[in-house]
Every structure is written in C-alpha cells, then in structure tokens.
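Here is a short report on one protein model and its ligand.

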Amino acid sequence: MTSAYNSFPMTGGNGQHSYLHNSSYQKAAIDGAEEKTRQCILEKLSRQLNSDLGIVRIADFGCSSGPNTFHAVQNIIDTVKFKQLKENNEGSLMPLEFQVFFNDQPNNDFNTLFRTLPPSFQREYFSVGVPGSFYGRLLPTQSIHIGHTSYTTHWLSEVPKDVCVKNSLAWNKNYILCNNAIEEVTKAYKIQFIKDMRVFLEARAEEIVHGGLMFVLGQCLADGVNMSETWQGIVVDTIGNCLMDMAKSGLTSKEKVELFNLPVYFPQFSELKREIERNRCFTIETMETISHPLEDNPLSNNFIISMFRAILNTIIKEHFGEGVVNELFDRLAKKLAMYPIDFKKCEKHVNYFILLKRN
Ligand SMILES: C[S@@+](CC[C@H](N)C(=O)[O-])C[C@H]1O[C@@H](n2cnc3c(N)ncnc32)[C@H](O)[C@@H]1O
C-alpha cells in the first residue's frame, strides 16, 4: 500500500459521502463529553495560566475537514471565558484572545475546513492550519495551553510491515484489520501502537506548557474483548469479505485484497492506560469510559455504511482504484441486509475520556 503521505484523510468536500455530512457518530460522542470537558477545565486549568495569559492557544490534533472540531473548540473557549469571569469577578478583566491550531495530515481537506469555519462575527478566535502528522512535532516548544484530539489515535503512523509479508507468521491474509483473530498479527499491531503512542505523547509534551491540559477522546476495546466481537469489527470483516467476493468476480485481484490492511488498531482499555502512564511528562487527571449517546439503540445499516464510507473511501481508492468504491459499499449494504448485525449479541467499543495535565 503506498501513498504520498502514508495518510488517508476522511472524505473531503461537502458532498453526500463527505465526512462533513457523515460524522454525526463522532459528533455525538464529542457532545456527550462536553459537560465533562467543561468540568475539567473549570477544576484543572490552573488559575495562573488562565488569568496571566492574555492569549490562550488551543490545538486540535486530527481535526479533519469539520465540523466536529468547531464544536469541540468552541466548548473549550466558552469554558475558559466563563472560568475567567468567575474567578475575576472582583478584579478588572484582561480580555482574553484565542488562537486555534487546526492540525491534520497535509492531504486533509483544509479548504473545506476553512470554508466552513463559523462566520467571523461569531468566531472569537484566530485560526491557523497545521499540516503534518501528529506522530512528530508540529508546534513550537511550550506554546499550547489546551490540546484536544478526538477519534484519531487508533490511526497508526503505518501498517506494521510483517502483516503484509507473504509467509510471515504475522501475514494478515484473510482480514483487512487487526481483529485479534491471529496472535502474531495482534502482536505486530500492538508494537506499532506502542511506538506511535509514545511518539504522540512525547511530541505533545514538548508543545504543551507546564500546567497545560490535553484532552484525548476516542474508542478502544474493553479488557478481554476482541475486535472481531464488536459491531465495528464485524462491519470491517464484512468489508473484507465483500472485497474477496469482488476478487472472485474479477473486479479486483485476490493478491490486492490479501495485501490490504488498515493502519488502524484499537487497544484494550488497560493497554491504552499503560502506554499513557509510561509517559512521565503528563499526569492522568481523568481516564474513564463514557457512554455514547447514539449507542442506546441499534444503528441503522444506512447510517453505518455512510459512516464507514466517509472514513475508508480514501484508503480504499488509493489501494484498489476509484472504480471499486461504489461497488464495494453496494455489496456491503446487501450483505448487512442479508445478515443484520445482532447488536444485542455483539460487544460495543468503549468510549474513553482522558484528561492529561502537563507536569
Ligand atoms: C475519524 S477522524 C476524526 C476527526 C475529528 N477529530 C472528529 O472527532 O470528528 C480521524 C482524523 O485523524 C486524522 N489523522 C490520522 N492520523 C493522523 C496523523 N498521524 N496526524 C494528523 N492527523 C491524523 C485523519 O486524517 C482524520 O482527519
């Protein structure tokens, strides 16, 4: 699998299949964490940081093309302003200015992001685009007061080499994701995840000021649960089956399917915690699971297919060519209609909310 940037952004633009129109699942999770984020800022952002600053710098790592990032950022800004008001009611208020750094990979659709920014009369911040991988330094030393990232760090910097090597014990021949069915495959992905998490936290530790906050939201597996047992794992395995069917019909090659793997890994909760604890520059202020507002009821097939298409379109196009995408997702729709996901029987991913404080 090759790409100019080894990165596969969400579907850009504002068309039917765009991330912009198909990311309400992620948005619901961010909204669900809004109150907790507020509480954390009110309690944990140091008073000194908040009042001495003048300029508050916020960075969202892996912001995509919008709009979820705008909601996350606005909530942070509103809360910092509220905190300043509350804590300075007897003194004179120095007006705060906000600068927001929107980071994603260089081939992310930054044009759509900036075109859809809230209108300037509503926007109380200066915007900066930061192209580059968050698995490395992106911003000056000690420049950020509040970092945020949501639904990003399960994307690895690359697919572990061995899972694409024929005859390697870790060759993930029959699957397109680490679904925990093969021990050697899980091991290879785990090693990559550990390395990436270390680099992510080391870079953020350089960029975030002492006493600054870093919010990390996302999904992982509950301890003891395999990816193949979750509905998300079942959907991706079904996409893999559809690709195999397409190879049998001559619409792509078997070899292409066998060498296709997603650079995505969902750790178990305690595995994630262990890797975060390894970094001594941050204190874990909060690390807990939160419920996902949309997961109380079964999700419809159409919703699931649109969400996965917005996420996977770029990487599938890159590996198999443009022509494959429509056919693949039509087949996925038919398969899920024939074999509906039994949400009662399968496991759910765990949504986590983490607040780290820079020591
Ligand atoms: C599922 S989207 C989440 C977008 C947004 N944070 C949200 O919650 O809706 C994952 C985003 O992470 C970005 N991403 C993945 N790996 C990255 C990396 N190494 N550096 C920067 N961004 C990355 C992708 O390009 C994509 O925009």
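## Nonpolar cores

A nonpolar core is a set of buried Ala, Val, Leu, Ile, Met, Phe, Trp, Tyr and Cys residues joined through side-chain atoms within 4.5 Å. Buried means under 20% relative accessible area (1.4 Å probe, protein chains only). This is a predicted model: local features need pLDDT of at least 70, side-chain atom pairs count only at pLDDT 80 or more, and totals for chains, interfaces and linings use all residues. Residues are numbered from 1 along each chain as its sequence is written, and side-chain values use heavy atoms, leaving out hydrogens and water.

The largest nonpolar core holds 42 residues. Trp231, Ile239, Phe308 and Ile316 have the most contacts inside it. At least two of its residues come from each of α7 (231–248), α10 (301–320) and α11 (324–338). Another core, of 36 residues, lies apart from it and includes Phe61 and Tyr352.

## Helix α7

Helices are DSSP runs (H or I, at least four residues), numbered from the N terminus. In α7, 14 of the 18 residues are buried, so the helix is largely enclosed by the rest of the structure. Just after α7, Gly250 takes a positive phi of about 80°.

## Ligand site

Polar contacts here are pairs of N or O atoms within 3.5 Å. A polar side-chain atom of Ser150 sits 2.7 Å from a ligand oxygen atom. For Ser133, the distance from a polar side-chain atom to a ligand nitrogen atom is 3.0 Å. A side-chain N or O atom of Gln105 is 3.2 Å from a nitrogen atom of the ligand.

Conventions
Buried < 20%, exposed > 50% of the residue type's maximum accessible area, 1.4 Å probe, protein only. Polar contact = N/O pair within 3.5 Å; in protein donor to acceptor, adjacent residues only side chain to side chain.
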